Amino acid sequence: MKPIIRVENLTHTYGQDTPFCRSAVDGVSLDIMEGEFLGIIGHTGSGKSTLIQHLNGLLRPTSGTIYLDGRDIWADPKKIRDVRFQVGLVFQYPEYQLFEETVYKDISFGPKNMGLSEQEIDRRVRDAAAFVGLDEGLLDKSPFELSGGQKRRVAIAGVIAMEPRVLILDEPSAGLDPAGRRSLLENIRSYHRQKGTTVVMVSHSMDEVAENVDRIIVLADAGVVMSGTPHEVFSRAEELVAVGLNVPQVTRVAMELRRRGVEIDPAVYTVAELRKALSALKGGKASC
Amino acid sequence: MLKDITLGQFFPGTSLAHRLDPRTKILLTVIYIVALFCAESFVSYGLMVALLITGVKVSGVAPKALVKGLKPVIFIICFTAVLNLFYTPGEILVQFWVLKITKEGIFTAFFMALRISMLIMGTFLLTYTTSPIALTDGLESLLGPLKKIKVPVHELSMMMSIALRFIPTLIEETDKIMSAQRARGADFESGNLLDRAKALVPILVPLFISAFRRADELAVAMECRCYHGGQGRTKLHVLHYQAKDYLVMAAYAAILAAVLILARFGL
């Protein structure tokens, strides 16, 4: 796999030359691989949101470089809009950006800005709506008549309709009820599976990330502190706790068992894994 | 870019200027403005400049912040100065086609520019050293007598403080919405006037909706805490004039008198 986005030594300072000067991202380097499902976790104020706004050129680095396919995205500032079409960014609470009269028109805002043909726009809108699980019948309704969860889906479809090569979602499930959360994450997973595009999900919920992603990057205090597969990251659960993050509930159970002297792999992070580990343990005990 | 707006900004502090009663500060600002418009000579302007500098020194506000406040009105200042420069009759110094510069014109232009700049810096000094809450409290108290003729003073000052309170929130919100629409390829910087006006729709619609939602939530939250207007409402911090308030007011009154007397003798 080759990196589709490479971040080199990125630093972003807010309010430079004022007493409020503060680095939200400080010397971050990372690679995002083509086709992977990447999770970025970090507590509030760890620089997650600032980092991802650099990936599609909404923010300009104070220093450092962002490469898309090996090309510096700021090499020609006039072409930054093309970068935004290739790297789709869904903000936190994206339902607050809806503005059109109908759901259909709102989803087509992005593709229209790309200058696509009427036919192509129509196909993309219907595809995107299907991916996020919106009923065809909703397309002619006003987005303001929908429920909170449906609005969120419309807003996500608005970015998916641009068919970006990288889809970045900032806390896509924040504020949804458990059922809505599950079904939205399932939609995102199947989007990743079917389209094979790169997906980056930003979250502070460990359980959510653990169940979905191939690789995790942990941010704390404006820098990367850990990176690896969920198994690698959660085997260092104590360090995660030290930087103020929660570990998945299942991992917490395993940690506690280990602390009490039970020989168990501390890096289990799904219910199925824990069950396997526990039954193996039980089998061992039965023999003595 | 949007974050540079300093309207109604307040810099917390503990200087004498911060500790004065807000009513005193509002009155002083009024006196200051009146004196500024009565000043006509170098001596009286010198007095006013000295007063402003003393005010800035006492308040501990960075002079840079005051000058920054002038930025949005720099055009108006220049425009006024240029008009006065060419259209004041008097002793002609330079003549060029229909344009003529007179000695009086130079003076008037200079004083006009100085007057407007000082007017703005003086009022900024008030908002920089007074929290929006203290400001509306002071205003409400000063306008109190108008209640007798059925002016809804309390409601007006409440509206003003809510408006001031939500300026930063709305700016932040606008920034967020703009970023979100940019991420979908919205373009706010290019195209002709009509294109640009149209490009504002994706910002204004969500902004209005969220402003109404906020207003609704705020109204409910206020009602939950039994807010029902100014009737019988008491204050946590009751305003009291103190010795320093009277002292500063006396000093200002003396300066106003001096400026008026100077103007009388044509100085």
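Me: How far apart do the C-alpha centres of domain 1 and domain 2 of chain A lie?
Reply: In this predicted model, the two C-alpha centres lie 35 Å apart.

Me: And what are the bounds of those domains in chain A?
Reply: Domain 1 covers 3–230 and domain 2 covers 248–288.

Me: How many residues of each are in contact?
Reply: Five residues of domain 1 of chain A are in contact with four residues of domain 2 of chain A. On the domain 1 side, helix α8 (residues 206–212) gives the most, with four residues.

Me: What classes are on that domain 1 side?
Reply: Three nonpolar and two charged residues, with no polar ones.

Me: Switching to the chains. How many residues does the contact take from chain A and from chain B?
Reply: Chain A gives 20 residues and chain B gives 15 residues. On the chain A side, the elements giving two or more residues are α2 (80–86), α4 (109–113) and α6. By class, the chain A side divides into 12 nonpolar, six polar and two charged residues.

Me: Now the packing. Which residues have the most contacts inside the largest nonpolar core?
Reply: I107(A), A157(A), I168(A) and V200(A), in a core of 80 residues. Helix α6 (residues 148–160) of chain A supplies the largest share of this core, six residues.

Me: What is A157(A) in contact with, leaving aside neighbours within four places in sequence?
Reply: A157(A) is in contact with I107(A), A128(A), A129(A), F131(A), V132(A) and L134(A).

Me: What does the second core include?
Reply: That separate core has 12 residues, including L36(B), A39(B), L51(B) and Y252(B).

Key
Residues are numbered from 1 along each chain as its sequence is written. Chains are lettered from A and ligands numbered from 1 in the order in which they are written. This is a predicted model: local features need pLDDT of at least 70, side-chain atom pairs count only at pLDDT 80 or more; totals for chains, interfaces and linings use all residues. A nonpolar core is a set of buried Ala, Val, Leu, Ile, Met, Phe, Trp, Tyr and Cys residues joined through C-beta atoms within 7 Å. A residue is buried if 20 or more other C-beta atoms lie within 10 Å of its own, exposed if 12 or fewer, and partly exposed in between; C-beta atoms are placed from the backbone. Two residues are in contact if their C-beta atoms, placed from the backbone, lie within 7 Å. Domain bounds come from an automatic or database domain assignment. Ala, Val, Leu, Ile, Met, Phe, Trp, Tyr, Cys and Pro count as nonpolar, Asp, Glu, Lys and Arg as charged, and the others, Gly among them, as polar.
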